Every structure is written in C-alpha cells, then in structure tokens.
Amino acid sequence: MAAKVYTITSGKGGVGKTTTTANIGVALALLGKRVVCLDADIGLRNLDVVLGLENRIVYDVVDVIEGRCKLRQALIKDKRLPELHLLPASQKRDKSAVKSEDLIRVCEELGAEHDFVLIDSAAGIEEGFRTALAPANGVIIVTNPEVSAVRDADRVIGLVEAAEKGPAKLIVNRLKPGLVQRGDMLDTGDVLEILAVDLLGVVPEDETVLISTNRGHPAALEEKSRAGQSFRNIARRLLGEEVPFETFREAPGLLQRLGRLFQSDGRSA
Amino acid sequence: MVSVDQKSIVIKGIRDGLSVTLPGDGTWPEALAALESRLTQSPAFFKGGRVALMVGARTLTEDDMRQARDLLVRHDVTLWAIVGEAPVTRRIASGLGLDVPPPSSAWVSDPAAPPAESRIWDVAVESERELVAMPLDEWPDAGLVVRRTLRSGQSLRHPGSVAVIGDVNPGAEIIAGGNIVVWGRLRGTVHAGALGDETAVVCALDLAPTQLRIGGRITRSPDDRRRKPRPETARVRDGQIIAEPWGV
C-alpha cells in the first residue's frame with residue numbers, strides 16, 4: 001500500500017516547518033498510523049532536537065544514500081510512540097549530498113512499511129527545496145500571518161504548481177488572536193485571499209511550543225496545549241475527517257471588560 | 001538603414017517569455033542588425049526577459065548563434081531556445097546548450113508544453129493567430145488573456161494588451177506593450193505601454209499595485225492600506241499617472 005508522502009515547506013525560514021512536521025507526526029502516531037519524519041534539511045538538521053531524539057542518532061539519511069548502512073539501521077524509533085520514526089539529516093554534509101533520485105528511492109523504501117512519510121524541507125527555493133519536493137505526493141505549505149512570509153509562500157506555491165506537485169494545502173502558524181482582533185495582524189482570510197489554496201489548519205501562537213521544543217517533547221503530546229490541539233486537528237483532517245476550523249478569541253483583559261460595562265450598547269469604542 | 005525591415009520582426013508573448021521571429025530574407029548579420037534596432041528601441045520591454053528565437057529554415061553556424069546570444073545578452077535578455085526547421089541548425093543549437101523545441105506552431109500555444117518556472121497561462125487562441133500575421137506597428141489591441149492568478153515570482157511579457165482573469169499577487173509582474181486589465185486584485189508590478197505608448201491604461205477591480213508604470217512614467221500606490229477596494233483605471237494625464245473610478 002503506497003504511503004502518503006508529504007513535503008512540508010514554506011519558502012521563508014523560521015515559520016515553523018520543523019515544529020509542524022514533528023507535531024503532525026506525533027499526532028498521526030497517536031491515532032495509530034505508522035509515520036516516518038524525514039529531515040531533509042541537510043547540514044542544518046533540527047527535527048531530531050524537536051523530537052528529543054538527538055542523542056539516539058547513529059546513522060543519518062546520507063549514510064543510507066551512500067550505502068554505509070541499511071535504511072532500517074538509520075531509522076530511530078520515538079521514545080514515546082512506537083509507530084513514530086525519525087530519519088535524521090546529516091549535520092556534517094550539505095544539501096549537495098542528497099539528489100532528488102536518492103530521496104525518491106529512500107521514500108519508496110519507507111513507503112512499503114509506513115503509512116505516512118513527512119519530509120521536513122529546508123527553507124528557500126533552491127536545490128534543497130527541489131530535492132525535498134521530489135518524492136512528494138502531497139505538499140503542505142506553512143506560513144505565518146505576516147506579509148513577508150505570505151509573499152514567500154506565494155512564490156513557493158507557484159513553484160510547487162509548476163512542478164506539478166499541487167494543489168498544496170496551507171497551515172497558518174503562529175496566529176495571535178489578540179493582534180488579529182485589533183487589526184494589527186493579517187487574519188486567516190487575508191492570507192487565503194492571496195494564496196488561494198485549501199486551508200489545512202490554523203495554529204495559534206503558544207508559548208508551550210517553545211518550552212516543549214526545548215525539552216524535545218512535542219506540543220501535540222500535551223492535552224492542554226492549544227497549539228497541540230490544533231496539530232491534532234490537522235492530523236485528523238489529513239485522515240479525511242471534517243474538523244471545523246478553530247476560532248481563536250483572546251480573552252478580554254480587565255480593562256476591556258470594565259470598558260464594556262460602560263458601553264450602552266455593548267459595542268467597543 | 002537596414003535592408004531587412006525592422007517591422008518584419010514578429011514578437012509574441014509565449015509561456016516562458018517571448019518568441020522573436022526573424023524574417024527569412026536577408027543575411028544573418030542584417031537580421032541581427034534589425035533585431036538590435038528593435039532591442040534598443042524598447043529596452044524596458046525586453047530587459048530581463050527570456051527569448052526563443054524563431055529562425056525558420058535558415059541554416060546557422062555556431063558562430064551565428066553565439067552572435068545572436070551575445071547580442072541579446074548585451075541587452076540583458078537571455079536566449080533560451082532556437083526554433084528552426086533545418087536539422088543542422090537544431091543540432092548546433094542543442095550543442096550550445098539551447099532548447100530546440102519543434103517548430104510547429106502548436107508548441108507555442110500548446111497548454112501541454114514543458115512546464116517551467118514561469119509557465120503561466122491558458123492562451124486565447126484567436127489572439128495568437130492574429131499576432132503572427134501582423135507586422136509590429138499595425139497591431140491593434142490584439143490581446144492575451146490569462147485565466148489564472150499570477151503568483152509571486154511569475155512574470156508575463158506581451159507586446160499587445162493583457163487581460164488577467166484572476167489576481168496579480170505582490171511579487172508578480174506584467175509588462176505589456178498595450179493595456180493591462182486585471183479582473184481581480186492587482187497587487188504586483190505592472191508596466192503598460194512598455195513599448196513607448198503613454199496612452200495605455202491599467203484597469204483593475206482592486207487597483208493596489210506595488211508599482212505601476214505607463215510608458216516612461218512610474219508611480220506607486222498611496223500608502224493608505226485600509227481603503228475599500230473599488231474598480232479603477234490608471235492613465236497618464238498631464239504627465240502624471242492618475243487613478244480614476246472605472247467607467248468615467
């Protein structure tokens with residue numbers, strides 16, 4: 001049975017590709033799916049850190065490609081979830097070490113025994129991005145509700161469509177509901193108006209994500225994490241379930257609540 | 001004065017850039033001289049573009065092709081393909097690293113043509129045929145219709161008018177010799193009348209371009225980002241580009 005191979009990419013760096021890859025992987029594994037998270041950011045690996053598996057790395061994807069080990073030896077089983085595996089990137093080499101055909105071959109081999117392969121792409125639009133895109137049969141674009149991230153996402157979607165890997169799905173990450181309500185941040189509608197792709201999920205800015213990254217304990221494992229809940233919803237949507245999109249509202253602060261008491265018609269000033 | 005009439009060089013906007021058809025008569029140096037005149041006449045239109053050179057039945061040497069490539073490079077244009085009927089021409093072009101698509105006209109308007117980064121549109125076939133038949137200065141508003149949104153990084157050049165049914169996103173650009181009509185949101189950069197026509201107009205349902213040029217004039221949107229979108233036309237009046245509500 002052919003696995004679903006998703007490349008998670010963004011154009012802009014720092015928008016949350018790696019966090020997203022790790023958390024979707026965890027969420028899918030929690031639902032019983034066999035998942036491999038593949039770090040395609042050769043030379044600047046961090047998927048292992050986010051998953052908390054960095055001290056279990058013996059072989060990496062470049063070792064597999066260059067024949068120094070078998071694929072099975074390089075796959076690291078997650079310490080909490082037996083269905084989740086990591087294929088780490090190399091930290092010593094760079095992107096020229098992995099060609100598109102190599103990655104396609106690796107994903108084909110992985111596809112035989114897993115349900116999902118999630119490829120964490122490097123930032124940018126050059127060779128690293130193209131290589132990460134090559135094995136994909138689905139593409140997930142991660143962006144922030146912020147003009148330069150959206151500009152880059154638009155560029156990347158154009159490239160994905162030109163490579164005939166579209167249509168891509170979108171995750172809007174690090175939304176700050178308070179700023180959106182005050183009109184200081186783009187809302188999801190603004191982003192979709194420009195990018196015109198299907199929305200896969202919205203993830204709010206959540207400081208538990210930073211904390212969990214530092215601990216190597218993805219937020220999707222945390223019941224109480226809002227971001228974790230969003231990632232869990234994304235996993236369910238990937239499995240075909242219709243999960244309504246979250247509406248995030250910032251709880252009104254004390255001054256706002258007092259202010260409302262004095263409005264005669266309840267509208268804010 | 002060139003013996004090859006400059007006007008008999010036919011330029012079309014195609015997927016991946018421009019196609020330039022050189023006439024079959026005259027020597028190669030004469031054809032190149034005529035092409036050089038065209039390039040120097042409208043530098044803004046060609047600068048940064050990609051060109052496929054249509055050479056018909058001519059048999060060209062490697063030197064001929066290098067001369068053409070160098071000429072284009074001097075005007076900041078990249079030669080990416082040579083389309084010719086003679087097999088020896090195709091072989092030499094291929095040896096120089098150029099693309100050699102088959103010379104049938106179907107290639108130019110075929111939506112199934114090889115995808116490339118700047119692949120853009122579904123072309124309205126009627127306007128393609130009209131363009132091939134007409135000499136340069138007799139073009140009416142033979143237009144190109146693009147039925148999708150242009151994304152950041154995509155670039156569309158056409159010597160006639162261009163209509164986009166869709167949005168033009170920030171980071172996308174349109175350079176047209178004629179008018180530009182965007183049936184959607186215009187947020188990228190556009191240059192109408194790029195061959196020197198300051199009577200060209202730019203219309204959009206939401207006119208909010210990053211930068212707008214008509215002929216030799218340039219302007220940008222006012223910084224007022226919260227205005228309500230409404231259909232507008234931009235044109236040159238008294239030497240300045242102004243925007244007016246559409247329909248005036």
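Strand 3 and strand 4 (residues 84-87) of chain A pair in the antiparallel sense over two bridges; strands count as paired when DSSP finds at least two bridges between them. Lys77(A) sits opposite His85(A) of strand 4 of chain A. Strands here are DSSP runs (E, at least two residues) and helices are runs of H or I with at least four residues, numbered from the N terminus.

This is a predicted model, where local features need pLDDT of at least 70 and side-chain atom pairs pLDDT 80 or more, while totals for chains, interfaces and linings use all residues. Residues are numbered from 1 along each chain as its sequence is written, and chains are lettered from A and ligands numbered from 1 in the order written.

That pair belongs to an open, mixed sheet of eight strands in chain A, ordered 3-4-2-5-1-6-7-8.

Now for the chain contacts: 10 residues of chain A touch 12 residues of chain B, contact meaning C-beta atoms, placed from the backbone, within 7 Å. Helix 7 (residues 147-162) of chain A gives the largest share of the chain A side, seven residues.

Over in chain B, helix 1 (residues 28-41) buries Ala31(B), Leu32(B), Ala34(B), Leu35(B) and Leu39(B), whereas Pro29(B) and Thr40(B), on the other side, are exposed. Buried means 20 or more other C-beta atoms within 10 Å of the residue's own, exposed 12 or fewer, with C-beta atoms placed from the backbone. Cover for the buried residues includes strand 2 (17-21), helix 2 (43-46) and helix 3 (62-74) of chain B.

Notes
Two residues are in contact if their C-beta atoms, placed from the backbone, lie within 7 Å.
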